[in-house]
Amino acid sequence: MPTAIIADDERLMRDQLRMRLAQVWPELDIIGEAKNGDEAIELVDQLKPDFTFLDIRMPGKTGMEAASVIGNKSNIVFVTAYDAYAVEAFERGAIDYVLKPPEPERLQITVDRLKARLDKPASAAPDISSTVTAMLAQLSEKIAAPKPAHLQWIQASIGQDLRMIPVEEILFFRSDEKYTCVQTEKYEALIRKPVRDLADELDPALFWQIHRATLVNVNAIEGVTRDIRGRHLVMIKGRNDKLEVSRSFLHLFKQM
């Protein structure tokens, strides 16, 4: 049975990748998880996994710095949220990669390549050290940049599935006593995190709290209207939803 470890400083991303790998490669045994590059290096030495999934940007040693130390002790798979320019660098270096958030279709392509590697001798593996050095030169600015201070993804349930939703795609959050609804243009999902916690973790320049139970993406606001009861209601672009603004948050709309 092939084995692997996952290294990512975000627990949700580790959980998401583990879940997706179980879907497309159920025979793969995830035998360890690391929160940074240093832990990944230690786990490779201890557990000797066939594959190591490394987030590119982690505290301490980055994924690429860890890969330079790991070398050919384990087959490296980089996990990245970077753009097409970075992906091109991976492909030129013949290094496997997974894009965040991991989608089954794209992950299956990577898994097929990894399975093919199991049938090849270790000497046939690409020279990680020299390849990573070249890629570091191309991507150094992005890798060195600090991680965003605010949430970039929301892990939400849609039926029996979990989905990673980029926060910029979310129109609004609205809570009831048990769940928080995550509304995008295409679908509605559910999370258990209350609005009061989300308000602390999301970028306040992107999401305004307009009610104790509601956060709205400012880019989704079409305007504000009043109903016959005198309540202020936020209108959402392209939708019939109207979100009530409580008196405590009316100051946000003074300029509108």
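Which residues in α1 meet which residues in α5? I find Leu17, Arg20, Leu21, Gln23 and Val24 in α1 meeting Pro104, Leu107, Gln108 and Val111 in α5, where contact means heavy atoms within 4.5 Å. By class, I note 6 nonpolar, 2 polar and 1 charged residues in this contact (Ala, Val, Leu, Ile, Met, Phe, Trp, Tyr, Cys and Pro count as nonpolar, Asp, Glu, Lys and Arg as charged, and the others, Gly among them, as polar).

A note on provenance: this is a predicted model, with pLDDT of at least 70 needed for local features and 80 or more for side-chain atom pairs, while totals for chains, interfaces and linings use all residues. Residues are numbered from 1 along each chain as its sequence is written, and side-chain values use heavy atoms, with hydrogens and water left out.

Next, I looked up the packing geometry. α1 and α5 (residues 104–118) pack at about 70 degrees with axes 10 Å apart, the axes being lines fitted to C-alpha atoms over the stretch in contact and angles running from 0 to 180 degrees between N-to-C directions. The two helices, α1 and α5, are therefore roughly perpendicular (65 to 115 degrees).

Then I turned to the cavity (a set of points on a 1 Å grid over the protein atoms alone where a 1.4 Å probe fits but cannot get out; lining residues have an atom within 4 Å of a point). I get 1 cavity of 30 Å³ or more. Its lining includes Ile6, Met13, Leu17 and Lys100. α1 gives the largest share of that lining, 3 residues.

Conventions. On a 1 Å grid over the protein atoms alone, a cavity is a set of points where a 1.4 Å probe fits but cannot get out, and a pocket is an open set with protein on both sides within 12 Å along at least five of seven lines; lining residues have an atom within 4 Å of a point. Grid points are joined across faces, edges and corners, and a volume is the space filled by probe spheres set on the points. Helices (H or I, at least four residues) and strands (E, at least two) are DSSP runs, numbered from the N terminus. Angles under 35 degrees count as roughly parallel, over 145 as roughly antiparallel, 65 to 115 as roughly perpendicular and the rest as oblique.
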